[in-house]
Amino acid sequence: MSYLPSIPAPRTHSDTEPQRLRDQLQSVIDSGQLYAVFQPVINMINSQIVGYEALIRGPEGSALASPAQLFSAAASEGQLARLEYACREAACQSFIEHSLPGKLFLNMTPLAFTDSQYRDGVTMAILRKLKLDPERVVFELTEKQPLDEFELLTNACEHFQRQGFAVAIDDLGAGYAGLRIWSELNPDYVKIDRHFISNINASAVKREFVRFMLDIAQRIGNKVIAEGIETEEEFKTLVAMGVEYFQGYYIARPARTPITQCPPHLNKAKAVAMPVSRDTFQHTLREVTVAHEPLSPSVTAGEVVRMFRADVRLTCVPVVADDGKALGVISRSELLNTFSWRYSYELHANKPISGFVSSRSLLMDINSDLNSAGRLVTEDPAQNLSVDIIVSENDRYIGVAKVRNILRSIADEKLRVARHSNPIR
């Protein structure tokens with residue numbers, strides 16, 4: 001969870017207060033008064049800690065004790081870059097001293113790139129001094145930026161990824177352009193904003209939003225971290241939904257000397273949570289395949305045109321060779337479009353239909369699972385959803401599977417599994 005403020009704190013009207021705060025900020029940065037506390041990120045699939053988010057604190061009891069106060073003061077005084085360098089050094093130093101496992105998550109505001117004191121290479125110098133591998137560092141970029149500052153996020157992400165660091169989007173969904181940022185930056189991790197986690201067990205709408213994020217992340221290879229988990233009910237709901245990575249007070253509170261093992265209460269709660277239900281069914285094309293009389297490759301194109309014109313419900317027909325091997329399908333729309341041109345009937349009517357097999361033909365084995373078939377037809381933007389899938393077994397034609405029946409079966413099964421595995425829906 002980001003420690004960065006959305007906007008700098010307003011200055012006081014006092015003549016002496018700004019100067020006092022400025023001097024105190026300078027002292028905190030220069031004299032090493034910053035310290036880090038660490039909050040673990042846990043993978044509940046194997047109950048292992050995968051890393052820690054470093055949260056910076058100022059001198060206790062001072063006006064700069066909290067990260068919000070620190071960064072508001074730094075933003076007001078044009079000291080963001082210097083403060084961030086000091087924070088990174090304090091966090092990395094403490095991370096090494098405690099021999100913490102996994103990755104180190106460091107917060108970073110892209111606004112620091114606009115600071116006149118920003119210098120490239122400082123972070124790498126810190127890591128070299130501490131002998132900390134850049135591959136163990138993840139920079140969290142806060143998404144709470146206006147749209148006109150989107151370029152800052154892009155530049156920050158590219159800057160760190162070029163140097164071998166991983167990148168996370170923090171507070172996904174809390175800012176102005178979440179989906180745009182996600183799609184264009186392609187981060188290694190996304191952290192779902194606390195808004196969607198709070199009381200998710202009691203909100204079907206929030207659960208649908210989180211399922212949406214999980215589905216996108218799974219397809220494009222990003223890791224999703226649910227942060228800000230504060231109750232057992234939130235945790236169990238997220239486990240049941242298939243979330244793998246967890247962070248929050250219920251997991252463990254930030255500490256200067258953090259835990260290094262998964263807390264027992266998490267495994268107990270996980271054991272009574274409903275099992276993961278996403279994509280668990282194993283139905284195959286066998287269940288939606290129907291026999292359909294195929295065409296011989298030697299049938300003329302003119303005969304098939306007449307067949308389509310005689311039956312408006314016929315959308316496509318398979319073409320199968322004499323040895324039983326499927327060649328593909330003839331698409332009604334494609335063939336009739338070809339024959340709609342002037343003189344086309346005279347040119348093509350007597351040609352064998354094998355020359356008109358659709359380039360979009362899909363051939364699959366009868367034991368292929370429905371999810372795979374569904375992805376083939378929905379993820380290819382050029383795929384015609386009206387073209388049936390040809391189904392074979394041992395390379396011999398069996399029948400066809402209509403796309404609408406495949407998608408309907410997938411939707412029905414997911415609904416059934418959700419109802420039985422998640423009683424809070």
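Trainee: Which residues is Val288 in contact with, leaving aside its neighbours within four places in sequence?
Mentor: Leu370, Val400, Ala401, Asn405, Ile406 and Ser409, once those neighbours within four places are left aside. Keep in mind that this is a predicted model.
Trainee: How far apart are Val288 and Asn405, in sequence and in space?
Mentor: They are 117 residues apart in sequence, but C-alpha to C-alpha the gap is 6.6 Å.
Trainee: And where is Val288 found?
Mentor: Val288 sits in the loop between helix 10 and strand 9, the latter being 289-290.
Trainee: Is Val288 buried or exposed?
Mentor: Buried, because its relative accessibility is 9% and the cut-off for buried is under 20%.
Trainee: Zooming out, what share of the contacts in the chain is between residues 24 or more positions apart?
Mentor: Counting contacts with a separation of 6 or more, 70% come from residues 24 or more positions apart.
Trainee: How many helices and strands are there?
Mentor: The protein chain has 15 helices and 14 strands. Of its 425 residues, 49% are buried.
Trainee: OK, back to helix 10. How do the axes of helix 9 and helix 10 cross?
Mentor: At roughly 55°, with the axes of helix 9 (residues 232-241) and helix 10 (residues 264-272) coming within 9 Å. That angle makes helix 9 oblique to helix 10. The crossing is right-handed.
Trainee: Which residues make that contact?
Mentor: From helix 9 you have Glu232, Phe235, Lys236 and Val239, and from helix 10 there are Leu266, Ala269, Lys270 and Val272.
Trainee: Switching to helix 8, what does it reach from its first C-alpha to its last?
Mentor: Helix 8 covers residues 204-220, so 17 residues, and reaches 25 Å, close to the 24 Å expected at 1.5 Å a residue.
Trainee: What follows helix 8?
Mentor: Gly221, with a positive phi near 85°.
Trainee: How accessible is Asn199?
Mentor: Asn199 counts as partly exposed, because its relative accessibility is 46%.
Trainee: And Ser47, what's its phi?
Mentor: Also positive, near 60°. Ser47 lies in the loop between strand 1 (35-43) and strand 2 (48-57), and it is buried, with a relative accessible area of 15%.
Trainee: Last stop, helix 4. What do its buried residues pack against?
Mentor: Helix 3 (80-97) and strand 4 (137-142). The buried residues in helix 4 (residues 122-130) are Val122, Thr123, Met124, Ile126, Leu127 and Leu130.
Trainee: And which residue just after helix 4 takes a positive phi?
Mentor: Lys131, with a phi of about 60°.

Conventions: Residues numbered from 1 in each chain as written. Predicted model: local features only at pLDDT ≥ 70, side-chain atom pairs only at ≥ 80, totals over all residues. Heavy atoms only, no water. Helix = DSSP H or I, 4+ residues; strand = E, 2+ residues; numbered from the N terminus. Axes fitted to C-alpha atoms, helices over the stretch in contact; angles between N-to-C directions. Parallel < 35°, antiparallel > 145°, perpendicular 65-115°, else oblique. Left-handed = near helix turned anticlockwise from the far one by under 90°. Contact = heavy atoms within 4.5 Å. Buried < 20%, exposed > 50% of the residue type's maximum accessible area, 1.4 Å probe, protein only.
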